[in-house]
Amino acid sequence: MNKEQRLIAHIKSSDKTALGDVYIQYKKEFLLYSSRFSIPKEEVLDIYQDAIVALYENIVSGKLETLSCSVKTYLFAIGKYKIYNRLKVKMSPKDITEFEYLLKDENEENTELQEENIKKLRFFYKNLGGKCKAVLKMFYYENLSLEEIKQQLKYTSKDVVKSQKSRCLKQLREMMLKENK
């Protein structure tokens with residue numbers, strides 16, 4: 001029995017700690033994922049909780065017996081449909097087409113490859129220098145502007161921050177390319 005099957009079995013047996021662990025483990029990543037959409041954080045938290053409930057209900061009802069992807073992938077798929085539905089309610093039909101890519105079925109192998117690449121990226125990120133880590137974290141994770149990063153890290157101009165970010169990304173790309181050869 002693999003990790004995903006054990007997790008499903010624990011949740012099905014009403015092990016609330018297993019569901020709580022899933023909730024905590026993926027919450028931050030889901031919030032980061034959803035930050036690309038124009039949805040307030042409070043609504044995103046509601047969507048995430050609804051996705052957790054849907055995951056739980058699918059497992060308990062027997063609708064979900066086995067997974068051919070990770071629990072995270074399954075949970076995020078539920079979440080992305082809920083995000084899309086929330087956007088659909090708030091936006092005009094013209095605006096919705098911008099987010100239709102959310103509904104396209106993801107190839108399972110592609111999803112697993114993406115997860116593997118994310119793990120590699122995290123590994124290589126840890127090997128970057130302190131300045132690179134700080135700039136990339138502030139820009140991509142904390143969603144700070146170049147101006148805000150300039151001020152916090154005491155750079156002389158936004159262009160210097162932009163160049164630093166570019167060099168750091170290039171360094172990450174090169175590490176990834178070397179790994180994939």
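## The disulfide

Cys132 is buried, and Cys168 is buried too. Buried means under 20% relative accessible area, exposed means over 50%, and partly exposed lies in between (1.4 Å probe, protein chains only). This is a predicted model: local features need pLDDT of at least 70, side-chain atom pairs count only at pLDDT 80 or more, and totals for chains, interfaces and linings use all residues. Residues are numbered from 1 along each chain as its sequence is written, and side-chain values use heavy atoms, leaving out hydrogens and water.

Cys132 and Cys168 are joined by a disulfide, with an S to S distance of 2.1 Å. The term covers a pair of cysteine sulfur atoms within 2.5 Å. A search of the whole structure finds 1 disulfide. The torsion about the S-S bond of Cys132 and Cys168 is about -85 degrees, so this disulfide is left-handed. The pair links distant parts of the chain: Cys132 sits in helix α7 (residues 130–141) and Cys168 in helix α9 (residues 158–180), 36 residues apart.

## Overall build

The chain has 9 helices and 0 strands. Helices (H or I, at least four residues) and strands (E, at least two) are DSSP runs, numbered from the N terminus. Along the sequence the pattern reads α-α-α-α-α-α-α-α-α.

Of the 181 residues in the chain, 34% are buried. Take the contacts between residues at least 6 apart in sequence: 62% of them join residues at least 24 apart. A contact means heavy atoms within 4.5 Å.

## Helices α1 and α2

Helix α1 (residues 3–12) packs against helix α2 (residues 16–34) at an angle of about 125 degrees, and their axes are 7 Å apart. Axes are lines fitted to C-alpha atoms, for helices over the stretch in contact, and angles run from 0 to 180 degrees between N-to-C directions. α1 and α2 are therefore oblique to each other. Angles under 35 degrees count as roughly parallel, over 145 as roughly antiparallel, 65 to 115 as roughly perpendicular, and the rest as oblique.

On the α1 side, the contact is made by Leu7, His10 and Ile11; on the α2 side, by Ala18, Leu19 and Val22. These residues divide into 5 nonpolar, 1 polar and no charged. Here Ala, Val, Leu, Ile, Met, Phe, Trp, Tyr, Cys and Pro count as nonpolar, Asp, Glu, Lys and Arg as charged, and the others, Gly among them, as polar.

Leu169 lies in helix α9. Leu169 is partly exposed, with a relative accessible area of 21%. Beyond its neighbours within four places in sequence, Leu169 is in contact with Leu136 and Tyr140.

Arg86 belongs to helix α4 (residues 71–90). Its relative accessible area is 24%, so Arg86 is partly exposed. Leaving aside neighbours within four places in sequence, Arg86 is in contact with Glu43, Ile47 and Asp50. Lys154 is in the loop between α8 and α9. Lys154 is exposed, at 71% relative accessible area. The phi of Lys154 is near 60 degrees, a positive value in a residue other than glycine.

## Confidence

Mean pLDDT for the chain is 79, and 81% of its residues reach 70 or more. pLDDT is the predictor's confidence in each residue, from 0 to 100. Confidence is highest in helix α8 (residues 146–153), at 91, and lowest in helix α5 (residues 93–96), at a mean of 47.

Over residues 92–96, pLDDT stays under 50, and the model has 3 contacts there beyond four places in sequence. Where pLDDT is low, the predicted coordinates should not be read in detail.
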